Amino acid sequence: MAKSPSKAAASKAAAPKNLKKTTKAEMLEFYQLMLLIRRFEEKAGQLYGMGLIAGFCHLYIGQEAVVAGMKAAIKDGDQMITGYRDHGHMLALGMEPTGVMAELTGRIGGYSRGKGGSMHMFSVEKNFYGGHGIVGAQVPLGAGLALANDYLGNGSVSLTFFGDGAANQGQVYESFNMAKLWGLPVVFVIENNQYAMGTSIERASSETQLYKRGISFGIPGEQVDGMDVLAVREAGLRAVKHARSGKGPMILEMKTYRYRGHSMSDPAKYRTREEVNDVRQHNDPIDYVKARIIDEKWADDAALKEIDKEVRAIVSDAADYARESPEPPASDLMTDILAPEVA
Amino acid sequence: MPTQILMPALSPTMEEGTLAKWLVKEGDTISSGDVLAEIETDKATMEVEAVDEGVLAKILIDGGSENVAVNTPIAILLEEGEEMGDLSALESAPAPSPAAEPAEADASPDTQTEVAPTITVSDPAIPEGTAMVPVTVRDALRDAMAEEMRADDKVFLMGEEVAEYQGAYKVSRGLLEEFGPKRVIDTPITEYGFAGLGVGAAFGGLKPIVEFMTFNFAMQAMDHIINSAAKTRYMSGGQMSCPIVFRGPNAAASRVGAQHSQDYAPWYGHVPGLLVIAPYDSADCKGLLKAAIRNPNPVVFLEHELVYGETFDVPDVDDWVLPIGKARIVRPGEDVTIVTYSRMVGYALQAAEKLAAEGIDAEVVDLRTIRPLDMETVLNSVKKTNRLVTAEESWGCMGVGAEIAAAVTIGAFDYLDAPPARVHQVEAPLAYAGNLEAMALPGPDDIVKAAKGVCYLG
């Protein structure tokens, strides 16, 4: 079983001890994607601070390894659906940083033409089904995508992400029951970042080992070190294979941590700065990747700085685009409410 | 180039705040994520973290400063290798603008309300000589589903007891035998869950029909009907589609008490992004359910248990489909317009017969679709009769009749010879006791009374 991230042994710039199989190309790809997510989120936080992004904005910083590892475990056609902490999932699926950032600023260039915002974005083309604002609602929706996969026989698997907070919603268990009953190809990925807004998992859950939550439905579960992208990828491959082979759903509990508050307006007084710093300094998911790359001499500091520079440029372009893209025209106010009837 | 650190907005409503104290000093090396300062917002004290890396060259706003406006530069950060002298470049740099100008700022008032589509559709003409076949409402609904399932293999039915039990009210009788368990799916008793799975399946390319044993149980699923099904097209800028039908019996049955007896037409009729249909007779049930299944939008289809067993004629044509959003004048008349839907159509027709005996010629308009309302038909009728009575089984407050009365008052004020009258359930949960239940629910006599009232004959 995975260790709690705050107690993980690895120290900064030291590679994890149990070396998992990987390649230079894969690790550099992880590094680039996870850094992109982090820099994107930092920029989003900055634009929020400048008043360019409004409303609710939930950042993914600290959790990058979860979505990066799961992305590496799926194939084309597999879907992802999640709650409102969704920017990382979109970037992992290859949605354009410009379009995501422009949605955050509420502009016409956003994925939802500015009508959805941070919590409500979709890309049917990239198999991203949202972006849902009601805690836990994405779970039956994700199981429904799996129902469609099964019905159509398309061989695809639905990755349904939710947090430790959503894990206490009743509809999650309604979905577990039907997904197992009908053998649906779905992997439930619980991103346990240990705080449901301001309430720690210990204060909210009678059973804090969330991977066990499927036991009474006969759904196998696995706890995973969600700060180690290779551990995530390996568990993801097992779970996706399980679901795709007709054995029904699987639960992966990713032990992870968010560095920022629940949303931008959360001062995060329910935990100590020492706790956050401890994870940051000793168990950062990007440091893990970086240490392995340096250790294996797959790249040196200078080469990684180069990647950092490229990522910063992508994020900077996204921010520029998101500021320059115009607000949606008034004519957009009353469109997309109903589909025109198909004759 | 040196980077300005700006006073951040730390909540959706913050315009200014107090820079309580600096946690770094000039000359410090800053890493991304370091806490720079504490800021008091209108809600809380927040820590501000560094986004960029570098050396804190200059603090522009001292700790303890109050009323610092959002976006005011509070410090300057130099990147590796930059000199303080580079600061002059910042002096003339304009402060960032909060938002680009909207592309079109001239939102005209017309865009503030959903423009009701001009209904130009009408019921299909029934060719002369077409046989009319007596069919129960129950079987008409079943025939509609069976025909659409034969025509499109993406259509399937799910719900409690729809398959092996043949439907709690026998509406899905025979469907399992014809289409098999893949397309006629018995669900556990789990309305919130299976409504969500249905919506997800619609997102995934299928056309689900989700049956609720009654719409009273759909209250548990309302979040998915409204937040997931009705709003997603809009929130996705038109990318996502949710072709789904939620159907089942609605409104009062008989002596089943308050929790099982409620008309949800006004609840769903309130929601943009939904189509809401509440038909009465067999032909309308069949023609409109077929239209609902074919429609690319989420449709709430409200049936009535107490008419499932009633028999009406259905035209014996190959493909009987009716337009959504079109009301029907079921009885033409000259003196008063009675606007109603679902089971109350039958009561309105009975009332019209009684009124005729007293010399009042009532016109009965069956709305059939609750959203969008066919106000054109209603207004034309009122302009002819100059009097309006609405009749519904739901409570009156915020009800369908309230909406119709408002729309008629706005759209045909000068034509009205009397204030509109509304007939509806009394404003109480429905009682179990037979006498109280009968007193609570509106019937033909209530409609007669209201009609005579607007004719000043009460």
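**View 1. A buried pair, A:Arg280 and B:Glu49.** In this predicted model, both A:Arg280 and B:Glu49 are buried. Buried here stands for a relative accessible area under 20%. The two residues form a salt bridge, with 3.7 Å between the closest N and O atoms. This contact runs between chains: A:Arg280 sits in helix 9 of chain A, and B:Glu49 sits in strand 5 of chain B.

**View 2. The salt bridge of A:Arg273 with B:Glu47.** The side chains of A:Arg273 and B:Glu47 meet at 2.8 Å, N to O. A:Arg273 belongs to helix 9 (residues 273-282) of chain A and B:Glu47 to strand 5 (residues 45-49) of chain B, so this pair joins two chains. Is B:Glu47 buried or partly exposed? B:Glu47 has a relative accessible area of 26%, so it counts as partly exposed.

**View 3. A salt bridge within chain B, B:Lys384 to B:Glu363.** The closest N and O atoms of B:Lys384 and B:Glu363 are 2.5 Å apart in this salt bridge. B:Lys384 comes from helix 10 (residues 375-385) and B:Glu363 from strand 19 (residues 362-366), both of chain B, so the pair ties together parts 21 residues apart in sequence. B:Lys384 is partly exposed, at 36% relative accessible area. B:Glu363 is buried, at 1% relative accessibility.

**View 4. A salt-bridge network in chain B.** Shared partners link several salt bridges into one network. Its members are B:Glu147, B:Glu148, B:Lys286, B:Lys290, B:Arg294 and B:Asp319. Over all chains, the structure holds 43 salt bridges.

**View 5. The second largest cavity.** The structure holds 5 cavities of 30 Å³ or more.

**View 6. Elements and residue classes around the second largest cavity.** Two helices of chain B, helix 5 (222-230) and helix 6 (232-235), each supply at least two residues of the lining. How do the lining residues divide into nonpolar, polar and charged? There are 7 nonpolar, 4 polar and 1 charged.

Note on methods: Residues are numbered from 1 along each chain as its sequence is written. Chains are lettered from A and ligands numbered from 1 in the order in which they are written. This is a predicted model: local features need pLDDT of at least 70, side-chain atom pairs count only at pLDDT 80 or more; totals for chains, interfaces and linings use all residues. Side-chain values use heavy atoms; hydrogens and water are left out. On a 1 Å grid over the protein atoms alone, a cavity is a set of points where a 1.4 Å probe fits but cannot get out, and a pocket is an open set with protein on both sides within 12 Å along at least five of seven lines; lining residues have an atom within 4 Å of a point. Grid points are joined across faces, edges and corners, and a volume is the space filled by probe spheres set on the points. Helices (H or I, at least four residues) and strands (E, at least two) are DSSP runs, numbered from the N terminus. Ala, Val, Leu, Ile, Met, Phe, Trp, Tyr, Cys and Pro count as nonpolar, Asp, Glu, Lys and Arg as charged, and the others, Gly among them, as polar. A salt bridge is a side-chain nitrogen of Lys or Arg within 4 Å of a carboxyl oxygen of Asp or Glu. Buried means under 20% relative accessible area, exposed over 50%, partly exposed in between (1.4 Å probe, protein chains only).
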